[in-house]
Amino acid sequence: MTPWKWYMVGLTGAVSMSLVAVTLSGALNPVWFMVVPVALFLNYRRALGQSISGFMATVIGLGGFGLGASVVVQLGVDGLVVAGAQTILVLLLARLASAETLDHDQQLLALTLLAVLTATILNLGLSFGFVLIFYAIFASWALLGRQMVRGLTELGTDQSGEVALPARHMMGVAVLALGLILGSSLLFVKLLLLI
């Protein structure tokens, strides 16, 4: 597996987990479940290097702010969190559709984190332990993959050739990331049990 594909798997997982966390809340209209397959399609286009123009992404993002404002007008102050969730989802789709560089992907990962934090507010009665752990795994995977792709791209341009990364190296990085997440999760649970 190439470093780019390795990275795109992590990015796809992080985007998917954040969208699932928000849509499973039950606070949004069921039509918002369509965001997940749309995001997967847009992520596939991102993997192929296809994106929409920055102008179109701006129009979509402004539409998201308009949608959020209409929800606030309908529901009042009580609808602020729902309006914020819908706006974040639209902004996430707009950034995903227009992402062309690794810096754009970093902004995308920041939006997924906002979506997950919004989901924790929307889902007071539902435990998100597994979704949050899977999100943390995929987000860490994407961040490590992003650094790998960036480093190998710079190394490849310095040496005027393509650099291949052994599969054992990628697996080692993945095991390290999973170990860190598992260790911190166990520590968190142990601290909760002590309180």
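A residue counts as buried when its relative accessible area is under 20%, as exposed when over 50%, and as partly exposed in between, using a 1.4 Å probe and protein chains only.

The model is a predicted one, where local features need pLDDT of at least 70 and side-chain atom pairs count only at pLDDT 80 or more, while totals for chains, interfaces and linings use all residues. Residues are numbered from 1 along each chain as its sequence is written, and side-chain values use heavy atoms, with hydrogens and water left out.

**The overall plan**

Welcome to a chain with seven helices and zero strands. Helices (H or I, at least four residues) and strands (E, at least two) are DSSP runs, numbered from the N terminus. Contact means heavy atoms within 4.5 Å. Among contacts in the chain with a separation of 6 or more, 74% join residues 24 or more positions apart.

**Helices side by side**

Two pairs of helices are set out below. Axes are lines fitted to C-alpha atoms, for helices over the stretch in contact, and angles run from 0 to 180 degrees between N-to-C directions.

| Pair | Angle | Axes |
|---|---|---|
| α1 and α4 | about 160 degrees | 11 Å apart |
| α3 and α4 | roughly 170 degrees | within 8 Å |

Angles under 35 degrees count as roughly parallel, over 145 as roughly antiparallel, 65 to 115 as roughly perpendicular and the rest as oblique. α1 is therefore roughly antiparallel to α4, and α3 and α4 are roughly antiparallel to each other. Where α1 meets α4, Val 15, Ser 18, Leu 19 and Val 22 of α1 face Ala 85, Leu 89, Leu 92 and Leu 96 of α4.

**The core**

A nonpolar core is a set of buried Ala, Val, Leu, Ile, Met, Phe, Trp, Tyr and Cys residues joined through side-chain atoms within 4.5 Å. The largest one here has 40 residues, and Tyr 7, Leu 11 and Leu 92 are among those with the most contacts inside it. Two or more residues come from each of α1 (3–23), α2 (35–47), α4 (80–98), α5 and α6 (129–159). α4 gives the most, with ten residues.

Tyr 7 is worth a look: leaving aside neighbours within four places in sequence, Tyr 7 is in contact with Leu 102, Asp 105, Ala 142, Gly 145, Arg 146 and Val 149. Leu 102 and Asp 105 are among the buried residues of α5.
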